[in-house]
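Thanks, everyone, for making the time.

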Amino acid sequence: MQEIKCPKCGEVFQVDASGYAAIVKQVRDKEFEKELSERQNTFQTEKAAAVQVAVTKVESEKDKEISALHAVLETEQAHRQVEIDKIVSEKDRELAEKELEISRLKGELKLSQTSTDLVVKNALQEKETAILELQSQMHLQNNEWELKEKSLCEKYAEEVKRREEEIAYYKDFKARQSTKMVGESLEQHCETEFNKLRATAFPNAYFEKDNDAKTGSKGDFIYRESSQDGVEFISIMFEMKNEMDTTATKHKNEDFFKELDKDRTEKNCEYAVLVTMLEADSEYYNSGIVDVSHRYPKMYVVRPQFFIPIITVLRNAALKSLEYRQELEVVRSQNIDITHFEEDINDFKDKFSRNFRIASDKFRKAIEEIDKTIDHLQKTKEALLSSENNLRLANNKAEDLTIKRLTKGNPTMAAKFAELKNEQ
């Protein structure tokens, strides 16, 4: 038997081992529950604090890196803007100088017009005098001109006869050629004329047959030329057309404009030139270099004798714009660099966001595991409390157990216990 003193009244009473164990267990369970509750609260507080510290740290590092990248980008943009402003200011200064030069030339022109009027007046008077003298001399020279005219007529008659013989020869030559050979002879003529001047006038030019028929059609020749730094400043698609004089169906030059423009676009050429012998009697095409840009952009029609001049004219015009093309190429490369820089920043942001998302997922999973552990501990606690309740009920039943209850309904056991009591 154990003695227990009440802390309130001071009375000492005895309890058996089972009752003492029940009291100790009751005190221990209350302390355990209290300590478990305190630890649970402490853990929740520490968990919330750790989550807040981790989130704050990650956000701080991300803000620092983004701020650094923004600073670098702003510095680079400022440098680009300074360069652009410098180029613009130089162009403005050149424009101002040109305007001053124009104003000066206008002033000189105005002064020269006044002096020119006087000079013209004097010159008219001198010319009138000279005309009178020339009229007197003309009468003397008429006989001489008549003699010269006669000799020239005889000379040109011989020249016409020789030309007619050449025309007859070429007609016979064309008559002996097929339609394809007639066209090829014009191509060979143009190629030969270009190769004569290739080494001296066009050392860096590309002039070759167009053999690429992937799109279903092709031109005859492609001309390209680039500067020393690799910037292409001119490209021309050439088409040569000729036909026999005896061909039944006569083609017109405009029949080939659409196909030539299509070839120019597909082969990425800037200009298109039709070298033609068609419509030989047309004054329009016989006048020289014919611009047909009103029909198709940057297209020209020429006779074979203007094959080299058209290349020279277009090439010289393109050379004047080469400086602006080079500047445009530099600006394009700068824009590409800025684009790549922005792409790198966006790529960094995407990777950083991905890593942050993965870390957040893992952090969330860890918190879920902790919550599961807490739930498991809570269920364990409930199971222990349930066991304690069953033990208490069993203890109460044990304490209520007496001899009277044991012998109730059992007269034999009651008699035995009565005999034992009488003996005592």
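By buried I mean under 20% relative accessible area, with exposed being over 50% and partly exposed in between, using a 1.4 Å probe and protein chains only. On that scale Cys269 is buried at 5%, and Cys190 is buried at 0%. The structure holds 0 disulfides, a disulfide being a pair of cysteine sulfur atoms within 2.5 Å.

A word on the source: this is a predicted model, in which local features need pLDDT of at least 70 and side-chain atom pairs count only at pLDDT 80 or more, while totals for chains, interfaces and linings use all residues. Residues are numbered from 1 along each chain as its sequence is written, and side-chain values use heavy atoms, leaving out hydrogens and water.

Now the sheet, with helices (H or I, at least four residues) and strands (E, at least two) taken as DSSP runs numbered from the N terminus, and strands pairing if DSSP finds at least two bridges between them. It is an open, mixed sheet of 6 strands in the order S3-S4-S5-S6-S8-S7, with S3 and S7 (290–291) at the edges, each pairing on one side only. S6 and S8 run parallel over 4 bridges, and Leu274 has Val301 in S8 as its bridge partner.

What does Phe194 touch beyond its neighbours within four places in sequence? Taking contact as heavy atoms within 4.5 Å, Phe194 meets Phe202, Ala205, Phe207, Tyr223, Phe307, Ile308 and Ile311.
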